[in-house]
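Hi everyone, thanks for coming.

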Amino acid sequence: MGGTVEVTGLTKSFGSQNIWSDVTLTLPQGEITALLGPSGTGKSVFLKSLMGLLRPEAGVCLVDGVDMVKARESQRQELRKRFGVLFQDGALFGSMSVFDNVAFPLRAHTKKRESEIRQITNDKLDLVGLMGQEHKLPGEISGGMRKRAGLARSLVTEPSIILCDEPDSGLDPVRTANLAQLLVDVNAATDATMLVVTHNIELARTLPDNLGMLYRRRLVMYGPREEFLLTDHPVVSQFMSGDPIGPIGMSEETDHGVNDDYVEGEAYYPTGGVATVRAGARAIEVLPRQLAPASGLPREGAARHADRVASGAAALYTADDDDVDRAPAAVRTKDPVSRGLDKVGALFALGLDTFRAAFRRPFAARELLDQFWFVTSVSWIPAMLVAIPFGAVIALQLGTLTVQIGAQSFTGAASVLAVVQQAAPIVTSLVIAGAGGAAICADLGSRTIRDEIDAMRVIAVDPIQALVVPRVLACVLAAVLLNGLVSVVGVLGGYFFNVIIQGGTPGAYLSSFTALAQLSDLWVGEIKAVLFGLIAGLVAAFCGLNTKPGPKGVGEAVNQSVVVTFMLLFFVNTVITMLYLELVPGKGA
Ligand SMILES: Nc1ncnc2c1ncn2[C@@H]1O[C@H](COP(=O)(O)OP(=O)(O)OP(=O)(O)O)[C@@H](O)[C@H]1O
């Protein structure tokens, strides 16, 4: 039998924006339930909250008896293996073929032989009509095909709870009908508990056993199809008929209760007019026939549903108008300082998680090599091009100064130490943060908004282990390597300007260095490079994983990542330099 999902008093907000409050419903085991609601009412947020991918502020969400809100991440990860999830855009992993995407959960979590995995994967691809397309990358197939591939991936592990976010969007009417049939057949074959988010009225009428509707931050109605589909509730009947006239307007802000133009018993035209209509005039008079499994198999869920309805146990919940109109749940907003401290805390937590994940098996060695190559290849040319003028400026400035104070013989030591201890690590890290870090943040940010990161979590693959560890290590290794190169180029540049341009003597240049510098002066440069590379990688990953929705969110995350990294680098550099000068006595001091 399918898994159990019981939600009580769930409330979710983002910052000061309350998405929905006090949502209470149970997904009956093995039955199909549809969740409806105008765009932006938080249906996807609700699905993610059920899986523990988002953390509601209040309420309980029991999945097979375990509260996903309060459970530890390790418990949540274990429970997510029971879910099969079709995300809104398919959330396929962009670097893998369609076949590898669908096979991924089997390879990650089962000990099946490759031949068996191939068999299961091909069966599912066949089921969703994608045989022949399996070698293509997600970027090479249409949106509807990505959706079907996502559905195939969600089914390979035979999950006991299946969540589908708008399975029909991007599909033509015929494939939508096929897909609805497929969902019914899967339900009949596996008795999985299913929740389908949809805007498709035909699907909503014919597929589910139960329906619920979110509207203006509330669950306005929830119950068996037998009652839900025949209701004359103004919001539900307007939604089910797709009528532009009624309490639902173009946006949440113009909807009934916020827009004063709407009067009960009258239809509200978004354009401003008002017409009198009988409440519930558009309600359906006759219950539409429900889809039956094509296989002829009986649906156990449907049988249990019929029993519940006959016994009166499946009652329709309707929020009273006062409840729908009540103000959004009070959201405790934090002051900017607390929000800033929260982010610092979360960054440290990511650092700790990354450290722990670095020692877990399997180690993503291939990804580390790819990322190291990528970060180094985008950073080394700009680093060299910045190192030459930087070394020259330092050499010229110090050369002039030492001549002014009559200490020309120390020019070499001064400029080499300035390059090795300060200029090289800073230049290297700024370039790594600006080129490599920005690209890492954009990459992780795009994966976040395409739900790829959430899809990984649902498949119980830790994105920190698989994606963050190799990227952070790649930044550290690239920083150490480039720091050495930048130091050499900077020192040679300094030599050229001091000795050749400013007429210093090569012997004095080198001997002053050996007289004043010590090995720890070189080490501190490398230690800085390690720390700065770590900061650049971690901040980029943090901003990427916490990207707000949409391309604008990715742009902001990249901007934030570069600015925060720069500020942190200069702060940490100051602290290390002060500590070093305080703790390590200079040579001959
Ligand atoms: N990670 C996030 N951070 C901040 N706000 C978010 C986040 N995810 C969703 N939201 C906001 O939550 C609200 C509900 O979004 P959601 O995607 O759940 O709506 P929906 O009902 O699924 O819409 P649609 O039917 O158009 O897909 C939107 O205002 C959205 O901007």
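This is a predicted model: local features need pLDDT of at least 70, side-chain atom pairs count only at pLDDT 80 or more; totals for chains, interfaces and linings use all residues.

The secondary structure comes to 19 helices and 13 strands. For the surface, the chain exposes about 26,700 Å², and carbon and sulfur atoms supply 62% of that. If you take contacts between residues at least 6 apart in sequence, 75% of them join residues at least 24 apart.

Now to the rings. How many aromatic pairs does a search of the whole structure find? The search gives 3, and I'll show you two of them. Trp 20 and Phe 46 form an edge-to-face pair, 5.6 Å centre to centre, with 75° between the planes. Trp 20 belongs to strand S2, residues 17-27, and Phe 46 to helix H1, residues 43-50, so this pair ties together parts that are 26 residues apart in sequence. Both Trp 20 and Phe 46 are buried.

My other pair is Phe 93 with Phe 104. Their ring centres are 5.1 Å apart and their planes meet at 65°; over 60 degrees counts as edge-to-face, so that is what we call this pair. Phe 93 sits in the loop between strand S6 (83-86) and helix H3 (98-109), while Phe 104 is in helix H3, so the pair links parts 11 residues apart in sequence. Phe 93 is buried at 4% relative accessible area, and Phe 104, at 16%, counts as buried too.

Elsewhere, Lys 12 lies over the face of Phe 14, at 4.7 Å from the ring centre.

Where is it placed? Glu 31 is in the loop between S2 and strand S3 (32-36). Is Glu 31 buried or exposed? At 1% relative accessibility, Glu 31 counts as buried. Its side chain makes a polar contact of 3.0 Å with the side chain of Arg 308. Beyond its neighbours within four places in sequence, Glu 31 is in contact with several residues, including Asp 209, Arg 299, Arg 304 and His 305. And the C-alpha atoms of Glu 31 and Pro 208 are 7.7 Å apart, although 177 residues separate them along the chain.

Technical notes:
Residues are numbered from 1 along each chain as its sequence is written. Side-chain values use heavy atoms; hydrogens and water are left out. Rings of Phe, Tyr and Trp (its six-membered ring) pair if their centres lie within 6.5 Å; planes under 30 degrees apart count as stacked, over 60 as edge-to-face and the rest as tilted. Helices (H or I, at least four residues) and strands (E, at least two) are DSSP runs, numbered from the N terminus. Buried means under 20% relative accessible area, exposed over 50%, partly exposed in between (1.4 Å probe, protein chains only). A charge sits over a ring if NZ of Lys or CZ of Arg is within 6 Å of the ring centre and within 35 degrees of the ring normal. Contact means heavy atoms within 4.5 Å. Accessible areas come from the Shrake-Rupley method with a 1.4 Å probe; for residues, only the protein chains shown count as cover. A polar contact is a pair of N or O atoms within 3.5 Å; within protein, one must be able to donate a hydrogen and the other to accept it, and residues adjacent in sequence count only if both atoms are side-chain atoms.
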